[in-house]
Amino acid sequence: MSVFSIDAHDGGSIEHALLSLDVQEKLVQIAAYRALNKTARWLKTQTIRHISGETGLTQKLIRKRMHMLHANRRNLRAMLTSRNQHIPASELGRMRESGKGARAGKFYFEGGFVGHMPSTGKTSIYRRKQKARLPIRELGFYYGGFTSRAWEDASKGDEVMQRFGRFFEHELNFISRKHN
């Protein structure tokens, strides 16, 4: 499982905005958690695009496996988690068997075969673990390393905190106009 969190206290945007505007603390908290959630949604989109570009997977398959824990007024932290980073071959595309292996979408699995598992009722691509008929294991694509690399690239640059600052100022201006 990969986790990336954005904390409102990491950058100096909140303190800078408080000095320039005379706003209630409650409104600042509201603006902060809204800005955090928007930043996390933006980062989720960028991560999904990055992983999709590197792996050739569709964005839909990655999006289903990535979750966001939203920030609120009491907890000014938004988290992105990516669990179950193994995508079974049955979800990668149409499965076809060839002489030396099987293919699902663009992905080729050497030594694999398309089979129907009677116990689960699932059709997928399997490979034998030994020469014997059983045991077999289901094949798929694991994209875990790409997720952590995408989050490292995002956290190296200052772009996430710049984006948060921009969203925060926008939300603070919106809330202050609304309550005045």
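Helix H2 provides the largest share of the lining of the largest pocket, five residues. This is a predicted model, in which local features need pLDDT of at least 70 and side-chain atom pairs count only at pLDDT 80 or more, whereas totals for chains, interfaces and linings use all residues. Residues are numbered from 1 along each chain as its sequence is written, and side-chain values use heavy atoms, with hydrogens and water left out.

Both H2 (25–55) and H4 (144–156) supply at least two residues of that lining; helices (H or I, at least four residues) and strands (E, at least two) are DSSP runs numbered from the N terminus. A pocket is an open set of points on a 1 Å grid over the protein atoms alone, where a 1.4 Å probe fits, with protein on both sides within 12 Å along at least five of seven lines; lining residues have an atom within 4 Å of a point. Among the lining residues are Trp42, His50, Asp153 and Glu159.

| Strand | Residues |
|---|---|
| S2 | residues 66–69 |
| S3 | residues 77–82 |
| S8 | residues 113–117 |

S2 pairs with S3 in the antiparallel sense over four bridges; pairing requires at least two DSSP bridges between two strands. Leu69 has Met79 of S3 as its bridge partner.

Residues in contact with Val114 (heavy atoms within 4.5 Å) include Met95, Ala102 and Ile125, not counting residues up to four places away in sequence.

Conventions
Buried < 20%, exposed > 50% of the residue type's maximum accessible area, 1.4 Å probe, protein only.
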